[in-house]
Amino acid sequence: MADFNQNTNTEFERFNSDGTRQKNKKEKKDGTKTKSIVIALLLIGIIVLVNSMVITRQNQFKLIRQFGRVDRVVTDAGLSFKIPFVESVDVIPKELLLYDIAASDVITSDKKTMIVDSYVLWHVTDPLKFAQTLSCSVNNAEGRIDAIVYNAMKNTISNMKQDEVIRSRDGKMTVTVDEPEEAVTNNDMEISTEKEDVIEITSLTEEIMSQINHVEGQYGIEIVTVEVKKLDLPDDNKQAVYTRMISERENIAAQYTAEGKSEAKIIENTTDKEVSIMLSDAQAKAEATIAEGEAEYMRILSDAYSDPQKTDFYSFVRALDALKESISGDNKTVILSDDSPIAQIFNGQY
């Protein structure tokens with residue numbers, strides 16, 4: 001009886017022991033399943049939270065669409081929320097954008113071909129209209145800008161001559177103005193000087209921008225400016241244009257040279273005339289002075305010969321002068337006869 005009870009208690013303990021072990025395994029399985037559910041719910045919550053957050057940066061617009069229709073536009077930077085999996089977000093750039101337009105050929109009013117290479121600065125001003133007309137696509141916007149700017153540029157340049165296009169590139173033009181400096185009273189000539197003045201004109205950019213006035217209202221974008229990077233001639237026309245420019249400059253130089261020679265001839269003729277008048281006046285004065293001197297000389301001689309006391313002296317002096325003129329060469333010997341007038345003067349016989 002004791003053995004039976006002992007065996008019965010041992011089997012009971014095993015049963016309890018086995019039952020306890022089985023109960024612990026079930027609890028572990030239930031705990032693992034609960035943790036998995038919690039982790040899944042947390043992940044779902046995180047995904048839902050992330051999908052409901054809208055982070056807008058300073059250089060962005062955010063369009064919130066609900067089933068494809070624009071519900072609202074977020075224009076301020078910061079954090080906002082949307083309905084996850086129901087609403088979607090489109091991003092539109094808010095900063096100033098640069099679009100480099102490919103170089104293109106345009107024809108001026110005088111039928112000259114020019115190559116214009118330019119770029120455009122633009123930005124989105126109305127994100128809703130930008131989305132409705134251009135599907136939030138920057139590429140679509142650049143395609144429209146390309147066509148609009150090219151048409152405006154073509155219309156502007158086709159109404160201008162080639163030299164006007166070149167002069168109006170920077171909005172300034174240098175002109176040469178003749179300013180009279182002084183007038184010469186002797187020959188009534190007016191001497192003028194050339195002065196270069198810089199005047200403000202309408203620039204090529206302003207002319208082009210004046211024809212672009214419908215972009216903002218139509219597409220929700222604004223073209224800030226159109227700048228010309230390069231203004232050139234086709235390669236096959238450059239040599240002809242350079243030759244023509246050289247010919248024009250040579251013609252201008254020849255005209256200036258001819259005008260200069262004409263002015264020089266006028267000055268030379270005037271100067272020669274003045275010199276001739278001055279020489280004539282001087283010669284007349286010299287002849288008058290000579291005549292006065294000769295008259296004074298004759299008067300002195302007349303006075304000398306009219307005085308008997310001075311006659312002998314002047315006769316002697318004149319004889320010496322005559323003798324001096326007769327002596328020439330190395331031989332200084334003079335042979336005079338007694339009847340020579342000079343010998344008579346020296347002998348006191350005359």
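Asp 117 and Lys 229 form a salt bridge, with their closest N and O atoms 3.8 Å apart; the term here is a side-chain nitrogen of Lys or Arg within 4 Å of a carboxyl oxygen of Asp or Glu. This pair links distant parts of the chain, 112 residues apart: Asp 117 sits in strand β7 (residues 113–124) and Lys 229 in strand β10 (residues 221–232). Strands are DSSP runs of E, at least two residues, and helices are runs of H or I, at least four, both numbered from the N terminus.

This is a predicted model: local features need pLDDT of at least 70, side-chain atom pairs count only at pLDDT 80 or more, and totals for chains, interfaces and linings use all residues. Residues are numbered from 1 along each chain as its sequence is written, and side-chain values use heavy atoms, with hydrogens and water left out.

Asp 117 is buried at 17% relative accessibility, whereas Lys 229 is partly exposed at 38%. Buried means under 20% relative accessible area, exposed over 50%, partly exposed in between, with a 1.4 Å probe and protein chains only.

The salt bridge count is nine. One of them joins Asp 71 and Arg 72 at 2.9 Å, N to O, and Glu 87 is linked with these two in a network.

α3 covers residues 138–158. Its buried residues include Ile 145, Ile 148, Val 149 and Ala 152. Down the axis of α3, the buried residues fall within an arc of 150°, so they line one face; the arc is taken over directions from the helix axis to the C-beta atoms.

Notes:
Expected span 1.5 Å × (residues − 1).
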